[in-house]
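Below is a short note to read alongside the structure. Please keep the view open and look up each residue as it comes up.

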Amino acid sequence: MNSAWKILGIEPTDDMTVIKKAYSAKLKIHHPEDDPEGYQRLREAFDTVKKAWKNRNLRPAEERAYEESVHVQMEEEPAPPLPSHFPFSEWQETETESRSTIDLFMEKVEQIYEHFPSRINKEKWLELLNDDALWDMEQRDYLSDELLSFLQLNPYLPDYIWKLLEDTFQWTDMLREDPYILGEEETEAFLRRLKDNTGLYPSLSYQQLLHIEDIPYDLYLMNRERALDELLENRLEEAETYLNTALSIFQDDSQLHTISGMIFERSGRFEEAAAAYEKACALQPENIKNRMLLAQLLFKTGKYEEAEQACLKILSDHPDHPDALSLLGRIHFETEEWQKARETFMHLESIQGKDAETMVYLAKINDFLIRNSFKRKPLTKKEIKKEIRPDTFKDKLRIFLYCHLKWRIFFAFIFLLVSHNKLQALGGEEWYDHPILKVLYAVFSLFQYINLSLYFEYTLIPLFWAILWIYSVITILREWNRIRKMVL
């Protein structure tokens, strides 16, 4: 016991806050990753002190009072023989039994974790968590702490196991209330892992390793996980380093090749990215995500025919897959297969309704078909208008603003904005709330002065602003009218 206090670097005390702060301070010196042996000694010392503290403080008050009176007598005079009714041997036997129960529980945990098929088997963990030891609230606290310490060093479990453990022990709330259980930094790291494995963070599957033997599972899983973390932080060199380490251990994990493809794509190494995605598709043909990543990369690099084949492969199994339909429509649009593009986007619209991208592409396609109908005549204007008709003014305005704000329209809006104060000065305060009257006033000012000496001083600038105003308004109205006739 004295060695435990020495390792913690404090004098014996009953103040658990002092004990936890000492443990937290020592953790910064003996970090689990940098000094695993030192961390193990520190953890054992902390567990020893904490268990002794619980034994003292969780026993009935009468026993603790009796022990304190005996302790006082020992300091003053030799202690008399203990009364025969003192239940020391019985209590010691209970403590030993409790300890053996906890040890047995942790042995089961280690056996499940070491046997990989059991580690990812939810039924095995459910059977463990139905152990009678967890119904004893005092033992439950011990077991929770022991399991928490174990998983801090052995964290590679599927997300559904993490969710099961979190639902059982409520570690998130416990660690937020008492961060000194693991140490401040370790608590923060553990809570982040809990959040990642029980929230919306992209989780990695363990099933592809189920029938693989004789590999260092934890080393592989650590490097795979860190490769994904670095990729999400866009640290591509570090991600590739972890990726290569993982590939040197095991190469037939489709998720690892997916991560590899993403790293290569972000690095601009498109050929390597395509090869990685193809490998992922070969290893896991039913995974649509990998096929979509490959199709999008092929489209991005201008390989439209190959991208089309990849989309058709997805749609053969999933005819209404919205991402595949959208990409196929864009491929037909880029290859100027207007009718195919139009049919694809119409199909997509029937599935997910009117969204901005679909309406934009349909507007562009129909604009081309209308302007070239005298050559091809695939559809009449009436037929097109019947099939494509935004229902509300909001839909119409969205298409107009989203798709057809060309540079001259942008210039017109900016000009009208900038010239607001100029025209206000011409008309005085009474024109402030009437922009249209300002334009009329500017035009009228052309004929306001007869004296030629005043013409350039008072009329030339209004003339310049009036012409630009009129041009801007006409440009905007013409563009709006063109869109209105096309799709409204």
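How many helices and strands does the secondary structure of the protein chain come to?

1. The protein chain has 27 helices and zero strands. Please bear in mind that this is a predicted model.

2. The chain holds 488 residues, and 41% of them are buried. Its accessible surface comes to about 28,400 Å², with 54% of that belonging to carbon and sulfur atoms. Among contacts between residues at least 6 apart in sequence, 61% join residues at least 24 apart.

3. The largest nonpolar core has 52 residues. The members that touch the most others are Val109, Trp125, Leu151, Leu157, Leu165, Trp171 and Phe190. A second, separate core has 33 residues, including Leu315, Leu325, Leu327 and Ala341. As background, nonpolar side chains tend to be buried together in soluble globular proteins.

4. Leucine 182 sits in the loop between α10 (171-177) and α11 (184-198). Is leucine 182 buried or exposed? Its relative accessible area is 0%, so leucine 182 counts as buried. Leaving out residues up to four places away in sequence, leucine 182 touches Tyr23, Leu27, Arg43, Leu148, Gln152, Leu175, Thr187 and Phe190. Arginine 43 is 139 residues from leucine 182 along the chain, yet their C-alpha atoms are separated by 9.1 Å.

5. Helix α20 covers residues 356-371. At 1.5 Å a residue, its 16 residues should span 22 Å, and because the end C-alpha atoms are 23 Å apart, the two values agree. The helix is mostly covered, with twelve of its 16 residues buried. Among the buried ones are Val360, Leu362, Ile365 and Phe368, along with Asn366 and Asp367.

6. Glutamine 170 has a positive phi of about 55° although it is not a glycine. Glutamine 170 lies in the loop between α9 (159-169) and α10, and is partly exposed at 38% relative accessible area. Aspartate 214, also not a glycine, has a positive phi of about 60°. Aspartate 214 is in the loop between α11 and α12 (217-232), and its relative accessibility of 77% makes it exposed.

7. Side chains of opposite charge can pair when their charged atoms come close. The structure holds eleven salt bridges. In one of them, arginine 269 meets glutamate 240 at 3.1 Å, N to O. This pair links distant parts of the chain, 29 residues apart: arginine 269 is in the loop between α14 (254-266) and α15 (270-283), and glutamate 240 is in helix α13 (residues 236-249). Glu240 and Arg269 also belong to a network of salt bridges with Glu272.

8. Lysine 300 and glutamate 265 form another salt bridge, with their closest N and O atoms 3.7 Å apart. Lysine 300 is in helix α16 (residues 288-300) and glutamate 265 is in helix α14, so the pair ties together parts 35 residues apart in sequence. A salt bridge also joins glutamate 337 and lysine 340, at 3.3 Å between the closest N and O atoms. Glutamate 337 is partly exposed at 25%, and lysine 340 is partly exposed at 42%.

Terms used: Residues numbered from 1 in each chain as written. Predicted model: local features only at pLDDT ≥ 70, side-chain atom pairs only at ≥ 80, totals over all residues. Heavy atoms only, no water. Helix = DSSP H or I, 4+ residues; strand = E, 2+ residues; numbered from the N terminus. Buried < 20%, exposed > 50% of the residue type's maximum accessible area, 1.4 Å probe, protein only. Contact = heavy atoms within 4.5 Å. Areas by Shrake-Rupley, 256 points an atom, 1.4 Å probe, with all protein chains shown as cover. Core = buried A, V, L, I, M, F, W, Y, C linked by side-chain atoms within 4.5 Å. Expected span 1.5 Å × (residues − 1). Salt bridge = Lys/Arg side-chain N within 4 Å of Asp/Glu carboxyl O.
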